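Me: I am new to this structure and would like to learn how to read it. Please start with the terms, then show me the case.

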Amino acid sequence: MKAADIVMQSYGRCCANDGFFDSFYDHFLATSPEVRDKFANTNMAGQKLLLRQGILNVVLYARGMPGTKLKALGCSHSRKGLNIRPELYTLWFNALAATIREHDKECTAETMQAWREVVNKSVEVIVAEY
């Protein structure tokens, strides 16, 4: 099975758990004061919806969708926008990985390798806009 397909199935299992997005932000906000500061005045309910769609765009890109939405995300997160430094994507992925391991009861080492491959491909597109 292709990495994008493994991730799509895993993401479906994660989204079936009500607390997935709350858990992600618990993990992510705990990673650093800089990350917490970036979300200080954020409507977290809306942010969780954006995250849901953003992860779906990552998966769809890996499945062949053009990178248009990821490039737009990269522009909004660039130094001219929200100024999300490229190093912060490592913290983001680590928080996501911890959350996936908690919420995907079928998660294996192969699942996590597929996630890493799929996310890295998308992060390259996003960071290129920085």
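Reply: Buried means under 20% relative accessible area and exposed means over 50%, with partly exposed in between. The model here is predicted.

Me: Which exposed residues does the face of helix 7 turned away from its buried side carry?

Reply: That face carries Ala109, Glu110 and Glu124.

Me: Which residues of helix 7 are buried?

Reply: The general idea comes first: an α-helix has 3.6 residues a turn, so residues three or four places apart point the same way. In helix 7, the buried residues are Thr111, Met112, Ala114, Trp115, Val118, Val119, Ser122, Val123, Val125 and Ile126. They cover an arc of only 155° around the axis, which puts them on the same side of helix 7. These buried residues pack against helix 1 (3-15), helix 4, helix 5 and helix 6.

Me: Where is Cys107, and is Cys107 buried or partly exposed?

Reply: Cys107 sits in the loop between helix 6 and helix 7. Leaving aside neighbours within four places in sequence, Cys107 is in contact with Ile100, Arg101 and Met112.

Me: What volume does the largest pocket have, and which residues are closest to its centre?

Reply: The volume of the largest pocket is about 710 Å³. It is lined by 28 residues, and Tyr25, Gln47, Leu73, His77 and Trp92 are the closest to its centre. Helix 4 gives the largest share of the lining, eight residues. By type, the lining has 19 nonpolar, seven polar and two charged residues.

Notes
Residues are numbered from 1 along each chain as its sequence is written. This is a predicted model: local features need pLDDT of at least 70, side-chain atom pairs count only at pLDDT 80 or more; totals for chains, interfaces and linings use all residues. Side-chain values use heavy atoms; hydrogens and water are left out. On a 1 Å grid over the protein atoms alone, a cavity is a set of points where a 1.4 Å probe fits but cannot get out, and a pocket is an open set with protein on both sides within 12 Å along at least five of seven lines; lining residues have an atom within 4 Å of a point. Grid points are joined across faces, edges and corners, and a volume is the space filled by probe spheres set on the points. Helices (H or I, at least four residues) and strands (E, at least two) are DSSP runs, numbered from the N terminus. Ala, Val, Leu, Ile, Met, Phe, Trp, Tyr, Cys and Pro count as nonpolar, Asp, Glu, Lys and Arg as charged, and the others, Gly among them, as polar. Contact means heavy atoms within 4.5 Å. Buried means under 20% relative accessible area, exposed over 50%, partly exposed in between (1.4 Å probe, protein chains only). The arc is that of the directions from the helix axis to the C-beta atoms.
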